Amino acid sequence: MALKVSELSVGDTYTECLVEDLKRTQIVQYAGASGDYNPLHTDEVFTTEVAKYPSVFAHGMLSMGMTGRMITNYVGDGRLKKYGVRFTSQVWPGDSLNSTATVDEITEEDGEPVVNLKVETTNQDGMVVISGYASARIDP
Amino acid sequence: MAADKFPIEASHIMMFARSVADDNKIYYDEDYAKTTEPGNIIAPPTFAQASAQFDPNYFLRPKIGEPWFGSGKEATGIQRDGSGGGGGGGGGGGLHAEQHFEYHRHVSPGDVLTGETKPGKTWEKQGKRSGKLVFSESITEYRDQNGELVITARGVGVRTERPVDQ
């Protein structure tokens, strides 16, 4: 299950569909689990009338969480050393997201082999919503 | 996010994993988790963010007896000045710009963490789609019951002058 140095090359990619037609209910579910009850994510009245956005939108951390699933499915459980993102565009109900990890570097840290990945999540229009990196321990 | 006591609990991990649509059994099935390399249920990569549940002062959670800025009878329960208050209360408001995690160890149910948050840098930028942007960074160190650093989290929030153009 774990990635191996001998089987990896710079430029290798791994892609997953994170969600199709994101539902408001999933955003509510994330609010409840994470504890971030910002009405911008779940309260259409507040968000359209007071904050002046066209509709509620997903927590950045929901997109980061789903992107994290793609990464751990690729690198294996308990292997992640670093994971960071920039939220480059909002994610809206109805969006469909795809996420790709690209091998950027195969290196060593503290005597252990490590893969550095570029991470990008895009919506159905090809717009980048998350741009980031991850680094994970791999097998020799 | 600051928390004096952030207990890592199995059902919280299960609910969090469900909410990010992650059906990996390592997040809810203890018997399965025993057969994996970590050997235990572990928390998903962004779970530390759920420490908000244990931050007594977390401002994006309604508190009993206090006004809340979401809608009820009116579109907002609080009248704010127009400059955009916490969490997007006014015209513009706060959005999450970046988030970074460094894992020193993967936490499991039974761990009890503390989270101590310190402010980091602040900077400004002129945005094309939302006017002036003010960024501010905060760094949270999560330590376990033995005082060992387990996760370092760095968040960057941004306040926009107006809602982001779509």
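The model is predicted.

## Overall layout of the chains

Chain A contains 3 helices and 5 strands, and chain B contains 2 helices and 5 strands. Along the sequence of chain A the order is β-α-α-α-β-β-β-β, whereas the elements of chain B run β-α-α-β-β-β-β from the N terminus on.

| Chain | Residues and buried share | C-alpha extent along principal axes | Accessible surface, with carbon and sulfur share |
|---|---|---|---|
| A | 140 residues, 56% buried | roughly 55 × 30 × 20 Å | about 5,500 Å², 46% |
| B | 166 residues, 47% buried | about 55 × 40 × 30 Å | about 8,500 Å², 49% |

In chain A, 66% of the contacts with a separation of 6 or more link residues 24 or more positions apart. In chain B, 58% of the contacts between residues at least 6 apart in sequence join residues at least 24 apart.

The charged side chains were also located. Chain A carries 11 positive and 20 negative side chains, and the centres of these two sets are 2 Å apart. Chain B has 19 positive and 23 negative charges, with mean positions 6 Å apart.

Helix α1 of chain A spans residues 24–34, and its buried residues are A:Gln26, A:Ile27, A:Tyr30, A:Ala31, A:Ala33 and A:Ser34. The cover over these buried residues comes from both chains: it includes β1 (13–19) and α3 (60–75) of chain A, together with α1 (10–19) of chain B. Just after the helix, A:Gly35 adopts a positive phi of about 90°.

A:His59 belongs to the loop between α2 (44–49) and α3 of chain A. Among the residues that A:His59 touches, not counting those up to four places away in sequence, are A:Ile27, A:Tyr30 and A:Ala31, each of which is listed with the buried residues of α1(A). A:His59 also touches A:Asp36 and A:His41. A:His59 counts as buried because its relative accessibility is 2%, and the limit for that class is under 20%.

## A buried serine in a loop of chain A

A:Ser89 is found in the loop between β2 (80–87) and β3 (97–109) of chain A. The relative accessible area of A:Ser89 is 16%, so this residue is classed as buried. Beyond its neighbours within four places in sequence, A:Ser89 is in contact with A:Met127, A:Val128 and A:Val129, and also with B:Arg129 from the other chain.

## The second largest pocket and B:His104

The second largest pocket has a volume of about 280 Å³. Its lining consists of 15 residues, and those nearest its centre are A:Leu80, B:Tyr103, B:His104, B:Arg105 and B:His106. At least two lining residues each are supplied by β2 of chain A and by β2 (93–103) of chain B. The element that gives the most to this lining is β2(A), with 3 residues.

B:His104, one of the residues nearest the centre of this pocket, is placed in the loop between β2 and β3 (112–127) of chain B. B:His104 counts as partly exposed because its relative accessibility is 37%, and that class lies between 20% and 50%. Leaving aside neighbours within four places in sequence, B:His104 is in contact with B:Leu149, B:Val150, B:Ile151 and B:Thr152. For B:His104 and B:Val150, which are 46 residues apart along the chain, the C-alpha separation is 4.7 Å.

## Cavities

The structure holds 2 cavities of 30 Å³ or more. The largest cavity contains about 80 Å³ of space. It is lined by 13 residues, of which B:Ala43, B:Pro44, B:Tyr103, B:Val107 and B:Ile151 are the closest to its centre. B:Ile151, in turn, is one of the contacts of B:His104.

Technical notes: Residues are numbered from 1 along each chain as its sequence is written. Chains are lettered from A and ligands numbered from 1 in the order in which they are written. This is a predicted model: local features need pLDDT of at least 70, side-chain atom pairs count only at pLDDT 80 or more; totals for chains, interfaces and linings use all residues. Side-chain values use heavy atoms; hydrogens and water are left out. Helices (H or I, at least four residues) and strands (E, at least two) are DSSP runs, numbered from the N terminus. Buried means under 20% relative accessible area, exposed over 50%, partly exposed in between (1.4 Å probe, protein chains only). Contact means heavy atoms within 4.5 Å. Accessible areas come from the Shrake-Rupley method with a 1.4 Å probe; for residues, only the protein chains shown count as cover. Lys and Arg count as positive and Asp and Glu as negative; His and the chain ends are not counted. The place of a charge is taken as NZ of Lys, CZ of Arg, CG of Asp or CD of Glu. On a 1 Å grid over the protein atoms alone, a cavity is a set of points where a 1.4 Å probe fits but cannot get out, and a pocket is an open set with protein on both sides within 12 Å along at least five of seven lines; lining residues have an atom within 4 Å of a point. Grid points are joined across faces, edges and corners, and a volume is the space filled by probe spheres set on the points.
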